[in-house]
Amino acid sequence: MVKANVTWMSDFYLTELSGLPEVEISLFVMVILIYLITLAGNGALLLAIETDDRLQTPMYFFLSNLSLLDMLCPTITVPKMLQILLSSDKRISFVGCMLQVFFLIDVISTEVFLLAVMAYDRYVAICSPLHYANIMNKRLCSQLTTVTWLLGFINSMVHTSLTFSLSFCGQNKVNQYYCDLHPVMALSCSSTFLPELVVLLVASAIGGAAFLVTLISYVYIISAILHMPSSEGRHKAFSTCGSHLTVVCLFYGAAISTYARPASTYSHTQVRIVSMLYGVVTPMLNPMIYSLRNKDVKRALVKTLNLKEFL
């Protein structure tokens with residue numbers, strides 16, 4: 001039955017970002033500029049971390065993985081979106097749609113776990129500074145990073161396989177400018193109870209666990225900072241955690257509003273705006289958030305990009 005559905009439903013049709021033809025060129029210019037800034041910003045951050053000896057620490061190792069994810073996330077959706085803005089061809093093949101869903105969920109899931117790992121890293125650094133080097137050694141950092149990518153892959157494989165094993169025998173227009181779980185499920189003519197249930201359970205269990213690790217870490221971090229005797233020490237500790245906490249709030253706010261609810265409450269216009277935030281805008285902001293408040297990163301960027309006149 002599944003094979004017949006795959007053969008018959010050969011294409012999906014994506015929805016344009018705006019229904020107003022007169023603003024499509026402006027949207028194209030805006031989106032491509034944001035995309036190029038995202039690639040340049042995260043690429044520069046990756047290069048600075050890899051080439052500066054002072055940034056060879058666990059925090060920046062995890063940050064380099066975050067920058068890589070922030071380059072991958074818009075790359076999954078933006079090229080197709082730009083094509084739709086420029087042409088009248090809004091088709092995407094069944095396999096192309098499936099791959100887009102898989103890689104998007106993979107990247108988002110990996111980022112959820114990575115943000116939790118980064119919160120734990122900051123907890124150890126501030127609450128157990130004397131043991132930080134022994135606890136967060138290279139082996140543990142590599143293992144934690146490998147596990148985050150592996151969990152993201154497994155989570156995406158489960159959701160993608162359940163979603164695309166549904167029957168598609170009617171409408172084939174996806175109410176989103178890219179293929180995503182809820183918009184694709186909404187096109188199914190079979191019951192979506194199981195995949196929707198799995199999405200909610202996984203979002204509650206795995207996502208909730210990652211969020212709980214992040215929350216508990218920051219409860220201990222804030223408590224430790226408030227008990228520091230010097231104001232200079234408190235300011236330095238807050239500055240190292242503030243960037244990560246800002247990124248966490250941006251990411252969780254957008255992702256939860258998109259995925260942690262059933263398709264019956266799905267608002268197409270609202271989700272398109274939210275998905276633009278976490279899929280396109282947030283990856284652009286992350287390197288700015290981490291570099292503007294971090295003297296070591298700014299120094300490394302100036303050195304790597306030969307911008308000595310700004311020193």
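A residue counts as buried when its relative accessible area is under 20%, as exposed when it is over 50%, and as partly exposed in between, with a 1.4 Å probe and protein chains only. The model is predicted, so local features need pLDDT of at least 70 and side-chain atom pairs pLDDT 80 or more, while totals for chains, interfaces and linings use all residues. Residues are numbered from 1 along each chain as its sequence is written, and side-chain values use heavy atoms, without hydrogens or water.

**Exercise 1.** Find which residues of α11 are buried.

*Solution.* Begin with the helix itself, a DSSP run of H or I with at least four residues, numbered from the N terminus. In α11, the buried residues are V297, A300, L301 and V302. Then step past the end of the helix, where N306 has a positive phi of about 55 degrees.

**Exercise 2.** Describe the largest nonpolar core and the residues with the most contacts inside it.

*Solution.* Such a core is a set of buried Ala, Val, Leu, Ile, Met, Phe, Trp, Tyr and Cys residues joined through side-chain atoms within 4.5 Å. The largest one holds 56 residues, and L63, L66, M81 and M118 have the most contacts inside it. At least two of its residues come from each of α2 (24–51), α3 (58–86), α4 (94–127), α9 (231–259), α10 (268–292) and α11 (295–304). Now take M81: leaving aside residues up to four places away in sequence, M81 touches L17, V31, Y177, M276 and V280, where contact means heavy atoms within 4.5 Å.
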